[in-house]
Amino acid sequence: MPEAVAAANGSKNKGGAYVDRDKPAQIRFSNISAGKAVADAIRTSLGPKGMDKMMVELSKAQDIEAGDGTTSVVVIAGALLDACAKLLQKGLHPTIISESFQKAVDKGVEILTSISQPVQLSDRETLLNSATTSLCSKVVSQYSSLLAPMSVDAVMKVIDPATATSVDLRDIHIVKKLGGTIDDCELVDGLVLTQRVVNTGVSRVEKAKIGLIQFCLSPPKTDMDNQIVVSDYAQMDRVLREERAYILNLVKQIKKAGCTVLLIQKSILRDALSDLALHFLNKMKIMVIKDIEREDIEFICKTLGTKPIAHIDQFTPEMLGTAELAEEVNLDGSGKLVKITGCVNPGKTVSIVVRGSNKLVIEEAERSIHDALCVIRCLVKKRALIAGGGAPEIELALRLAEYARSLAGMEAYCVRAYADALEIIPSTLAENAGLNPISTVTELRNRHAQAEKTAGINVRKGGISNILEELVVQPLLVSISALTLATETVRSVLKIDDLVTLMTRLFCR
């Protein structure tokens, strides 16, 4: 009897080892269950009334590609995994499901492109609506009227709208400063530093000549550790005189080049700036800002048109940048910032100062601004918009179901399951907004069947309306990326039919 059961569930290979035929199916179902569990956990964070986000690898990929739609991509993947599980239980082969899903996503991208509306980067109102829609699901949504224009202006300043095909977000420097409220956030056309001015005597310089040094203004050290024993006061006096002369010579060369603002890179080997050097710089009325981080050097050089100076011999007027004003600004008792504005030879860069009463608010504001910037970047990459509020997903579901009827065999069955899975987005939006998901999705499906392609869920009014009239829009790239990445992830899961643990590998050796 045991042999009969074994024969039913497994077989022996040429080496006589037992092979479990059910194992590939079990592995697939376990992977699908894990993916669905993550998706279900994240579903509650979709939409303006959802809870805060929880990132996974899939949403990271979406964040890199589009910068927005990180929740939607995981929710769609979870629904597709659920559809896969049901298809596998009915005996369909994983390869057939995988290939059918690829057909469905190719058709889906075609449908999304056909229902999109072209957009011009000169149309500021449309860009603002897109940024505002992105900010609506964030904790700082009530400040969207401030943050959306700031994000649009920041992107427009760092690109040439006529020729740009992408946006390098490294050209937009976000500076976080604790204190104040989000209302105090501002866009600065220039450079903002959180480091303090070291010498209190100089806090404002007009027509500034700015130098950025990567060497230390302090007594040199030998390459090897050693000790110098000073036996009398004359020798000690001589050492101090030499040190004084050495530092004074450095400062004189800096002054000779015409430098009035000196930025000093942070040093890990020794003090980048000695008290004696600071004393001389103060007497020569040179503003000093030290502890500039290494990762900020590239942005500073691009903004100011200056070049980093690694040795005093290279400190020449040609290496300096020029700005109309460099000043230390007091932030109403919550610290100070250094602003350098009016750069003569600026690169295409801007700075955004993010304020908030605590670290959590600042981090959330920064993330929200980043998402809004990414939405504008999406429109620069692919200049087209589609409606939000679940409208594109329900339209896709209807059009793919219609496409499935033109197919034959198992493919039609799989594409239909794919179409049904996409209804998870409007269903989840309705559920998180406190609406009845079944009746809402049914009505939405009916409206789209009557050719109302822009009908979507209006979370604020608690019903269905023309979502374009409500100015709820999103970049085409966000939806295409979410659909493509979710499908690729599900197809990858379907290909996994075994797991090799570390102990198994050791025993195999």
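**Entry 1**

I looked up Ala 451 and noted that, at 59% relative accessibility, it counts as exposed, where exposed means over 50% relative accessible area, buried under 20% and partly exposed in between, with a 1.4 Å probe and protein chains only. Ala 451 sits in the loop between α15 and β15 (455-458), and I recorded its phi near 70 degrees, a positive value in a residue other than glycine. For these element names I rely on DSSP runs numbered from the N terminus, helices being H or I runs of at least four residues and strands being E runs of at least two.

Before going on I noted that this is a predicted model, in which local features need pLDDT of at least 70 and side-chain atom pairs count only at pLDDT 80 or more, while totals for chains, interfaces and linings use all residues. Residues are numbered from 1 along each chain as its sequence is written, and side-chain values use heavy atoms, with hydrogens and water left out.

I then turned to Lys 207, a residue other than glycine whose phi is also positive, near 50 degrees. Lys 207 lies in strand β7 (residues 204-213), and I found it exposed, with a relative accessible area of 58%.

**Entry 1: the chain as a whole**

I counted 17 helices and 17 strands in the secondary structure of the protein chain, and I noted that 47% of its 509 residues count as buried. Taking contact to mean heavy atoms within 4.5 Å, I recorded that, of the contacts in the protein chain with a separation of 6 or more, 78% are between residues 24 or more positions apart.

Two packed helices are described by the angle between their axes and the distance between the axes. The axes are lines fitted to C-alpha atoms, for helices over the stretch in contact, and the angles run from 0 to 180 degrees between N-to-C directions.

I found helix α3 (residues 57-65) and helix α16 (residues 476-495) packed at an angle of about 145 degrees, with 10 Å between their axes. The crossing of α3 past α16 is right-handed; a crossing is called right-handed if the near helix is turned clockwise from the far one by less than a right angle, and left-handed if anticlockwise. On the α3 side the contact is made by Leu 58, Ala 61, Gln 62 and Glu 65, and on the α16 side by Leu 477, Val 478, Ser 481, Ala 482, Leu 485, Ala 486 and Thr 489. I sorted the residues of this contact into seven nonpolar, three polar and one charged, where Ala, Val, Leu, Ile, Met, Phe, Trp, Tyr, Cys and Pro count as nonpolar, Asp, Glu, Lys and Arg as charged, and the others, Gly among them, as polar.

For α16 itself I noted that 15 of its 20 residues are buried, leaving the helix mostly covered. Its end C-alpha atoms are 29 Å apart, which agrees with the 28 Å that 20 residues should span at 1.5 Å a residue, the expected span being 1.5 Å times one less than the number of residues.

**Entry 2: α12 against α15**

I next looked up helix α12 (residues 391-404) and helix α15 (residues 437-449), whose axes come within 10 Å and cross at roughly 70 degrees. That makes α12 roughly perpendicular to α15, a label used for angles of 65 to 115 degrees, with those under 35 roughly parallel, those over 145 roughly antiparallel and the rest oblique. This crossing of α12 and α15 is right-handed. Ala 391, Ile 394, Glu 395 and Leu 398 of α12 meet Val 441, Leu 444, Arg 445, His 448 and Ala 449 of α15, and by class I recorded six nonpolar, one polar and two charged residues in the contact of α12 with α15.

Helix α4 (residues 70-89) has 20 residues and reaches 29 Å from its first C-alpha to its last, close to the expected 28 Å. I found 17 of the 20 residues of α4 buried, so the helix is largely enclosed by the rest of the structure. Just after α4, Gly 91 takes a positive phi of about 95 degrees.

Helix α14 (residues 424-432) is mostly covered, with eight of its nine residues buried, among them Ile 424, Pro 426 and Asn 432. Gly 434 follows α14, and I noted its positive phi, near 85 degrees.
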